Amino acid sequence: MAAGLKTIIALSFVLAIGFLLVILSAALFHNYLTLLVVATYVLAPVPNWICGRCANPDDFMESAGNAVIDFGRFCTGFMVVMGIALPILLAHTALIQIPAMVMSIIGGLLIYGTIISFTQFFKEEQDF
């Protein structure tokens, strides 16, 4: 499926809604700890990207081990779970309110879902 202008517009709309929810969760309740979720979701794909690049430096040999790729996926999964668990932990310790937690989690999931969708739609295919 070819990604076009409509895909970019839809992804940017969902990303804007996600950022709006996270920013509103911080601004409406006058507690800006929920903005830490944005950092975790923005940094979550980085270990997967770095380990994917480091796993197979030689283009001619496909027999490289998958330990580096698995480590990158583990780190990415850890950051995604941390983005969900951090607002729950902050709400449990009464540092933020429950509605701020819900808005932060939903906004964070929209942000990360947009990042994953963008990488899936605009993935380069290798032709050999």
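Reader: In which hand does α1 pass α5?

Author: This is a predicted model, in which local features need pLDDT of at least 70, side-chain atom pairs count only at pLDDT 80 or more, and totals for chains, interfaces and linings use all residues. Residues are numbered from 1 along each chain as its sequence is written, and side-chain values use heavy atoms, leaving out hydrogens and water. A crossing is left-handed if the near helix is turned anticlockwise from the far one by less than a right angle, and right-handed if clockwise. For α1 and α5 the crossing is left-handed.

Reader: How are α1 and α5 oriented to each other, roughly parallel or roughly antiparallel?

Author: Helix α1 (residues 5-27) packs against α5 at an angle of about 155 degrees, with the axes 7 Å apart. Angles over 145 degrees count as roughly antiparallel. The angle therefore makes α1, relative to α5, roughly antiparallel.

Reader: Which hand does the crossing of α4 and α5 have?

Author: Helix α4 (residues 67-92) and helix α5 (residues 98-121) pack at about 165 degrees, their axes 7 Å apart. The two are therefore roughly antiparallel. Their crossing is right-handed.

Reader: Which residues form the aromatic pair, and in which helices do they lie?

Author: The structure holds one aromatic pair (ring centres within 6.5 Å).

Note on methods
Axes fitted to C-alpha atoms, helices over the stretch in contact; angles between N-to-C directions. Helix = DSSP H or I, 4+ residues; strand = E, 2+ residues; numbered from the N terminus. Parallel < 35°, antiparallel > 145°, perpendicular 65-115°, else oblique. Phe/Tyr/Trp six-rings, centres within 6.5 Å; stacked < 30°, edge-to-face > 60°.
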